[in-house]
Amino acid sequence: MTRKELTIDYIEYASIEELNAEDRLLVEAAIDAMKGSYAPYSNFNVGAAVLLEDGSIVKGANQENAAYPSGLCAERTALFAAGANHPDKAPISLAIVASQNGVICPYPASPCGACRQVMAQCQTRYGRDLKVILAGSECLIKFEKVDDLLPFIFDNI
(Lines give C-alpha, C1' and ligand atoms only; values in the text may rest on other atoms or scores of the structure.)
Protein backbone atom coordinates (compact mmCIF):
# COMPACT_ATOMS: atom_id res chain seq x y z
CA MET A 1 0.00 0.00 0.00
CA THR A 2 1.15 3.49 -0.81
CA ARG A 3 -0.51 6.60 0.58
CA LYS A 4 -0.52 9.55 -1.80
CA GLU A 5 -1.68 13.11 -1.49
CA LEU A 6 -3.62 15.17 -3.99
CA THR A 7 -2.95 18.90 -4.18
CA ILE A 8 -5.30 21.33 -5.89
CA ASP A 9 -3.82 24.53 -7.25
CA TYR A 10 -5.93 27.67 -7.57
CA ILE A 11 -5.81 31.42 -7.12
CA GLU A 12 -8.31 33.27 -4.95
CA TYR A 13 -9.25 36.89 -5.58
CA ALA A 14 -11.21 39.20 -3.27
CA SER A 15 -12.89 41.14 -6.09
CA ILE A 16 -13.34 41.30 -9.84
CA GLU A 17 -11.02 44.32 -9.92
CA GLU A 18 -8.06 42.06 -9.05
CA LEU A 19 -8.50 40.04 -12.26
CA ASN A 20 -6.59 40.82 -15.44
CA ALA A 21 -8.58 42.58 -18.16
CA GLU A 22 -9.32 39.40 -20.15
CA ASP A 23 -10.61 37.49 -17.13
CA ARG A 24 -12.63 40.48 -15.93
CA LEU A 25 -14.32 40.78 -19.34
CA LEU A 26 -15.18 37.08 -19.25
CA VAL A 27 -16.71 37.29 -15.75
CA GLU A 28 -18.72 40.34 -16.85
CA ALA A 29 -19.96 38.32 -19.84
CA ALA A 30 -21.02 35.52 -17.48
CA ILE A 31 -22.90 38.05 -15.34
CA ASP A 32 -24.63 39.32 -18.49
CA ALA A 33 -25.41 35.73 -19.52
CA MET A 34 -27.54 35.31 -16.38
CA LYS A 35 -30.18 37.44 -18.13
CA GLY A 36 -30.92 34.37 -20.26
CA SER A 37 -31.40 32.08 -17.28
CA TYR A 38 -34.73 30.33 -16.93
CA ALA A 39 -35.00 29.28 -13.28
CA PRO A 40 -38.63 29.62 -12.15
CA TYR A 41 -38.36 26.69 -9.73
CA SER A 42 -35.11 27.35 -7.88
CA ASN A 43 -34.64 31.10 -8.49
CA PHE A 44 -30.96 30.16 -8.76
CA ASN A 45 -29.72 31.84 -11.92
CA VAL A 46 -26.38 30.87 -13.40
CA GLY A 47 -24.50 32.45 -16.27
CA ALA A 48 -21.42 31.12 -18.01
CA ALA A 49 -19.15 32.57 -20.65
CA VAL A 50 -16.54 30.74 -22.73
CA LEU A 51 -13.56 32.55 -24.23
CA LEU A 52 -12.47 30.95 -27.49
CA GLU A 53 -8.96 31.03 -28.89
CA ASP A 54 -9.96 33.64 -31.51
CA GLY A 55 -11.09 36.04 -28.76
CA SER A 56 -14.82 35.53 -29.24
CA ILE A 57 -17.07 34.83 -26.26
CA VAL A 58 -19.99 32.41 -26.17
CA LYS A 59 -22.55 32.76 -23.37
CA GLY A 60 -24.88 30.28 -21.74
CA ALA A 61 -27.38 30.25 -18.89
CA ASN A 62 -29.10 27.52 -16.89
CA GLN A 63 -32.43 26.34 -18.22
CA GLU A 64 -34.80 24.63 -15.81
CA ASN A 65 -37.73 22.41 -16.70
CA ALA A 66 -40.70 21.10 -14.72
CA ALA A 67 -39.19 17.64 -15.26
CA TYR A 68 -36.04 18.56 -13.32
CA PRO A 69 -33.58 16.21 -15.03
CA SER A 70 -34.54 17.76 -18.37
CA GLY A 71 -32.92 21.11 -17.56
CA LEU A 72 -29.35 22.06 -18.35
CA CYS A 73 -26.63 23.91 -16.45
CA ALA A 74 -25.14 27.18 -17.72
CA GLU A 75 -21.67 25.67 -18.11
CA ARG A 76 -22.87 22.95 -20.47
CA THR A 77 -25.16 25.34 -22.32
CA ALA A 78 -22.19 27.63 -23.07
CA LEU A 79 -19.70 24.85 -23.88
CA PHE A 80 -22.14 22.97 -26.12
CA ALA A 81 -23.09 26.20 -27.95
CA ALA A 82 -19.38 26.98 -28.46
CA GLY A 83 -18.71 23.47 -29.77
CA ALA A 84 -21.73 23.49 -32.08
CA ASN A 85 -21.19 26.98 -33.50
CA HIS A 86 -17.38 27.20 -33.41
CA PRO A 87 -16.15 23.58 -33.66
CA ASP A 88 -12.69 24.61 -34.89
CA LYS A 89 -12.04 27.13 -32.10
CA ALA A 90 -10.65 25.83 -28.83
CA PRO A 91 -12.17 27.14 -25.60
CA ILE A 92 -9.43 28.59 -23.41
CA SER A 93 -11.37 29.97 -20.40
CA LEU A 94 -14.76 29.52 -18.79
CA ALA A 95 -16.31 31.89 -16.23
CA ILE A 96 -19.29 30.95 -14.07
CA VAL A 97 -21.45 33.26 -11.90
CA ALA A 98 -24.57 32.48 -9.88
CA SER A 99 -27.27 34.57 -8.24
CA GLN A 100 -30.05 33.74 -5.83
CA ASN A 101 -33.25 35.76 -6.11
CA GLY A 102 -31.49 38.34 -8.28
CA VAL A 103 -28.45 38.89 -6.05
CA ILE A 104 -25.03 37.58 -7.06
CA CYS A 105 -23.95 34.96 -4.54
CA PRO A 106 -21.11 36.15 -2.29
CA TYR A 107 -19.11 32.96 -2.83
CA PRO A 108 -18.71 31.06 -6.08
CA ALA A 109 -21.05 28.26 -7.06
CA SER A 110 -19.11 25.13 -7.91
CA PRO A 111 -19.96 23.18 -11.08
CA CYS A 112 -21.77 19.87 -10.78
CA GLY A 113 -20.05 16.62 -11.69
CA ALA A 114 -21.67 16.43 -15.14
CA CYS A 115 -20.41 19.92 -15.99
CA ARG A 116 -16.93 19.06 -14.74
CA GLN A 117 -16.88 16.02 -17.02
CA VAL A 118 -17.98 18.13 -20.02
CA MET A 119 -15.22 20.65 -19.20
CA ALA A 120 -12.72 17.79 -19.03
CA GLN A 121 -13.87 16.48 -22.40
CA CYS A 122 -13.33 19.97 -23.89
CA GLN A 123 -9.73 19.87 -22.69
CA THR A 124 -9.26 16.46 -24.29
CA ARG A 125 -11.08 17.37 -27.51
CA TYR A 126 -8.96 20.45 -28.15
CA GLY A 127 -5.73 19.23 -26.56
CA ARG A 128 -5.24 22.21 -24.27
CA ASP A 129 -6.01 23.24 -20.72
CA LEU A 130 -9.29 25.01 -20.02
CA LYS A 131 -9.03 27.70 -17.34
CA VAL A 132 -12.06 28.00 -15.06
CA ILE A 133 -13.10 31.08 -13.09
CA LEU A 134 -15.77 30.71 -10.42
CA ALA A 135 -17.01 34.15 -9.44
CA GLY A 136 -18.93 35.45 -6.46
CA SER A 137 -19.37 39.02 -5.27
CA GLU A 138 -16.91 38.56 -2.36
CA CYS A 139 -14.60 35.89 -3.71
CA LEU A 140 -13.39 34.61 -7.08
CA ILE A 141 -11.43 31.42 -7.68
CA LYS A 142 -9.36 30.68 -10.78
CA PHE A 143 -8.19 27.22 -11.79
CA GLU A 144 -5.57 26.92 -14.54
CA LYS A 145 -7.01 23.60 -15.73
CA VAL A 146 -10.07 21.43 -15.23
CA ASP A 147 -7.93 18.70 -13.64
CA ASP A 148 -7.87 20.79 -10.46
CA LEU A 149 -11.69 20.65 -10.32
CA LEU A 150 -11.93 17.03 -11.45
CA PRO A 151 -8.90 14.94 -10.61
CA PHE A 152 -8.70 11.48 -12.19
CA ILE A 153 -10.62 12.67 -15.26
CA PHE A 154 -12.55 9.98 -17.11
CA ASP A 155 -11.47 9.88 -20.74
CA ASN A 156 -11.95 7.03 -23.17
CA ILE A 157 -10.63 8.80 -26.26
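Trainee: In this predicted model, how many residues has the largest nonpolar core?

Mentor: Among the residues with the most contacts inside this core are L79, L94, I96 and M119. L130, V132 and V146 also belong to that group. The largest nonpolar core has 27 residues.

Trainee: Which element gives the most to this core?

Mentor: Elements that give two or more residues to the core include β2 (44-52), α2 (74-85) and β4 (91-100). The others are α3 (113-126), β6 (131-135) and β7 (140-143). With five residues, the element that gives the most is α3.

Trainee: Leaving aside neighbours within four places in sequence, which residues are in contact with L94?

Mentor: L94 is one of the residues with the most contacts inside the largest core. Once neighbours within four places in sequence are left aside, its contacts include L26, E75, L79 and M119.

Trainee: Does V97 count as buried or exposed, and why?

Mentor: V97 lies in strand β4. Not counting residues up to four places away in sequence, V97 touches V27, A30, I31, M34, N45, V46, G47, I104 and A135. The cut-off for the buried class is under 20% relative accessible area. Because its relative accessibility is 2%, V97 counts as buried.

Trainee: What volume has the largest pocket?

Mentor: Of the 18 residues that line this pocket, the closest to its centre are F44, V46, N62, L72 and C73. β2 and α2 each supply at least two residues of the lining. By class, the lining has 10 nonpolar, six polar and two charged residues. The volume of the largest pocket is about 310 Å³.

Trainee: Which residues do salt bridges that share partners join into one network?

Mentor: The side chains of D32 and K35 meet in a salt bridge, at 2.7 Å from N to O. D32 also meets K59 in a salt bridge, at 2.4 Å from N to O; this pair links helix α1 (residues 21-33) with strand β3 (residues 57-61), its members being 27 residues apart. A further salt bridge joins K145 and D148, with the closest N and O atoms 3.6 Å apart. The network made by shared partners consists of D32, K35 and K59.

Trainee: Is K35 buried or exposed?

Mentor: D32, its salt-bridge partner, counts as partly exposed at 29% relative accessibility. The exposed class requires over 50% relative accessible area. K35 has a relative accessible area of 70% and is therefore exposed.

Methods: Residues numbered from 1 in each chain as written. Predicted model: local features only at pLDDT ≥ 70, side-chain atom pairs only at ≥ 80, totals over all residues. Heavy atoms only, no water. Core = buried A, V, L, I, M, F, W, Y, C linked by side-chain atoms within 4.5 Å. Buried < 20%, exposed > 50% of the residue type's maximum accessible area, 1.4 Å probe, protein only. Helix = DSSP H or I, 4+ residues; strand = E, 2+ residues; numbered from the N terminus. Contact = heavy atoms within 4.5 Å. 1 Å grid on protein atoms, 1.4 Å probe; cavity = no way out; pocket = protein on both sides within 12 Å on 5 of 7 lines; lining within 4 Å. Points joined across faces, edges and corners; volume = space filled by probe spheres on them. Nonpolar A, V, L, I, M, F, W, Y, C, P; charged D, E, K, R; others polar. Salt bridge = Lys/Arg side-chain N within 4 Å of Asp/Glu carboxyl O.
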